[in-house]
Amino acid sequence: MEFILVLQSAPLDDHVAKLDEEARSNLQNPPHEPPDIIYPTIHHSISTYYALKHSSQTAYERIHASTACTYPDANEMPSFYQIERMIVEYTGVDSITHDMCPDTCIAFTGPFADLNHCPVCNKPRYNQIKLQASRGRNKVARQFHTIPIGPQLQALYRDCEKKLFDELCESGGLIDTYDDFIMGSDYLNAILEGKITKNDIILMILMDGAQLYQMKVSDCWLYIWVVMDHAPDNEGLSVYDAWHDIVFLSHPYLFLTTTDGPGLIYFDGMVGHCSKNGCHLYCGVIRHQKERGTHYYPVLLRPNNFHVVGCNHPDVNVFNLPLAGLQDYTANLFHLTETGITKPSILLGLNPSHMLQVPVCFLTDIMHLAGLLSDLLLSLWCGTMDCAASDNVDSWKWRVMHGDVWEAHGAATWKFQLYLFGLAPALTYGLLPEPYWLNYCRLIAGFRIICQHSQIILGQWELEFKELYYQCHQDRIHFICPCAHQVNHLITEAIQKGPPEIRQPSEPYANLSREGVHRSQVNALKAMLPELDKPPENCWLAYPQGAEKHAITLFLNEPAPKIFKWAHLKLPNGQIACSHWQESLKSMHATKPLRVSCNVKFSLDSVIQFGEVHYFTQLAMETVGNDIGEMEWSFINVAVISLFSCPDNELLKLLSHVVASCAYYGDDDIRVIDIKSITDLVTMVPHHPRLPSRAVEDCFFMVEKPSLDVASFGILPVDDAVEGEDSDNDLDC
């Protein structure tokens, strides 16, 4: 509670916060223009610093020395230290250091600022050897870095060229599609109540645990701020808007907080997921435990012949779960553990007018949820789930992946989540008993259309899952893991909050802190001067041949010209589309199979189709260019693609609309399409389905990244996933 009170009353000039005078001045009176880089050598130095972000300091210094020898008459290139200080000066982004416990128990800040020993492990704050050797003058302690969010938010507005404004001008102020957190009722209600104004910046904080070394204990917590919007235009954060040439006051609004289960305890102060009231969304559903057990499980259906004190409540309707975020949370703070709360949330120290209320601000973590569901289902199918003495693994009808079967599936499963949500719907057809397979398909279909707010499918999955696996047996209560309960909260959370992605030196923790500071500074400077980070363009001159030449000729309605080929395309969603032309060259020298997809999803004549990209290029076309109908020449960016067939409708129905199976046409059907019609990357996985009316066929089933738009084929939405390659793009879509 002391930390909450200190946080509520903390001023900018607080001695514990350690903000220097210049930092406080910049927060209250931000610079009124972007950085003006006059000298080409400074421009060159910053671009080199960007390019070497994954290299050592030595690499920069070698370029520095080479530049000085090659261009002795030019202005001297700044050293690595000098360029880092310039970036701090340009952006205003720097870290604040606090001492922390040698074992990282706590940071000596807030109520702990004046302590000389850790209150958790009682270890001394300072290095005792150095302290005694210097007779108390050299106070050396382990350091913790805090990166203030204010200067980073200010930097986002110091670039006067905003593509969004250009888009709005061209479209008359209209945006084509709204599909984001702004559709959530929590955000809209905050606007209606006046808590979010037009100048406020919406923030989300994410935290996750990581282990820096594989073979020894090296746990740490990483957190990032996500800026969820930019405001277009009392005391708040002073921001200079270069586009409008104005200074405005913004009150950053903490909208969402998310992390994994263990990390959430530090934010919300609630009990763990194995407790009686353990739902991290605080829905109020009381859990069951086994007789003489210590763990509670979110079993909505009461076990047969069950009489455990405190757990005899009736069944809970899966389609009528209480909404996440109990309204009497504040009143329950006075009763703590018996209501699922162990301590007040640290977020209560923030201004309640500038944040979504606790516990509503805590978001379902769909990334970890997907991983936990993968572990749950695979442990059931493999028969590795704990089996009670009164139960028998051999009686589990769903135990189908053992021995050679699991070896065949597990050998290809390099990523369990991709396997569960992309590959397994097709690979487990005919392997799992039909009721279990259909139940599994409901989970996949529900995840894939989560943005469409379809609660029925996920509710049916949870109900059937408990009937098929748990079967109201007390010995199988542990089958119902917290992730099974969390699935049904996805829909209400989507409606409320909107629809749901390091190297290790000898001092990993210190390096990680330094890397966080470095990334924040570079991102701030990129926001102010985006032209410093433009990648080089690589293209190859070539003549189209064979079927490709014929397709280009048909597209242009004239003989195919000499063209340049591009290997990659960056899509608006951030994915990098590769090309068969370039990847085939790589595969000749690769030491292991490449996992790079050259397949894309695109719209052709208003129909969703799939194709393999040969390459990207630009073609000159004559079009009507002015009001009087005169013809003008212009370049159009296109992709040369081999088509897959439309999904087989018979197989689509047979596989519960989850698996889209297509034939590959190859050179028999090559098309030229506008790159703007490409929406996502997909993977086309070979398989050999047997249809009721035909023999086994050689086909490909489509897999798409679950968070992307659902592909619809007129029967039911179907989705697909992919992996791409993180490389510099040659074209931007």
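The count of salt bridges in this predicted model comes to ten.

**Salt bridges**

- R476 pairs with D391 in a salt bridge whose closest N and O atoms are 2.7 Å apart. This pair links distant parts of the chain, 85 residues apart: R476 belongs to the loop between helix 16 and helix 17, and D391 to the loop between helix 12 and helix 13 (404-412). Both R476 and D391 are buried.
- A salt bridge also joins E464 and R442, with 2.8 Å between the closest N and O atoms. Here too distant parts of the chain are linked, since E464 is in helix 16 and R442 in helix 15, 22 residues apart. E464 has a relative accessible area of 21% and is therefore partly exposed. R442 is likewise partly exposed, at 28%.
- R671 and D669 meet through their side chains in a salt bridge of 2.8 Å, N to O. Because the limit for a buried residue is under 20% relative accessible area, D669 at 17% counts as buried, whereas R671 at 34% counts as partly exposed.

**Helix packing**

- Helix 12 (residues 366-382) and helix 15 have axes that come within 13 Å and cross at roughly 170 degrees. Angles over 145 degrees count as roughly antiparallel, so helix 12 and helix 15 are roughly antiparallel to each other.
- In this contact, I366, L369, L373, L377 and W381 of helix 12 meet Y440, L443 and F447 of helix 15. By class, the contact of helix 12 with helix 15 has eight nonpolar residues, no polar and no charged ones.
- Helix 3 (residues 40-51) packs against helix 5 (residues 80-91) at an angle of about 95 degrees, and their axes are 11 Å apart. This angle falls in the range of 65 to 115 degrees, so the two helices are roughly perpendicular.
- On the helix 3 side the contact involves I42, S45, I46 and Y49, which meet F80, I83, E84, M86, I87 and Y90 in helix 5. The residues of this contact divide into eight nonpolar, one polar and one charged.

- Three strands form an open sheet in the order 4-3-7, with mixed pairing. Strand 4 (219-227) and strand 7 (253-259) are the edge strands, each pairing on one side only. Neighbouring strands of this sheet are turned by 20 degrees against each other on average, direction ignored.
- Strand 3 (residues 202-211) pairs with strand 7 in the parallel sense over six bridges. I205 stands opposite T257 in strand 7.

- N439 lies in helix 15 (residues 434-448). With a relative accessible area of 1%, N439 is buried. Neighbours within four places in sequence aside, N439 is in contact with Q460, W461, E464, F465, L468 and Y469.
- Q471 lies in the loop between helix 16 (455-470) and helix 17 (482-487). Q471 has a relative accessible area of 29% and is partly exposed.
- Residues up to four places away in sequence not counted, Q471 touches N304, W398, Y436, K466 and R476. Q471 and P303 are 168 residues apart in sequence, while their C-alpha atoms are 8.1 Å apart in space.

Definitions and conventions
Residues numbered from 1 in each chain as written. Predicted model: local features only at pLDDT ≥ 70, side-chain atom pairs only at ≥ 80, totals over all residues. Heavy atoms only, no water. Axes fitted to C-alpha atoms, helices over the stretch in contact; angles between N-to-C directions. Helix = DSSP H or I, 4+ residues; strand = E, 2+ residues; numbered from the N terminus. Parallel < 35°, antiparallel > 145°, perpendicular 65-115°, else oblique. Contact = heavy atoms within 4.5 Å. Nonpolar A, V, L, I, M, F, W, Y, C, P; charged D, E, K, R; others polar. Buried < 20%, exposed > 50% of the residue type's maximum accessible area, 1.4 Å probe, protein only. Pairing = 2+ DSSP bridges. Salt bridge = Lys/Arg side-chain N within 4 Å of Asp/Glu carboxyl O.
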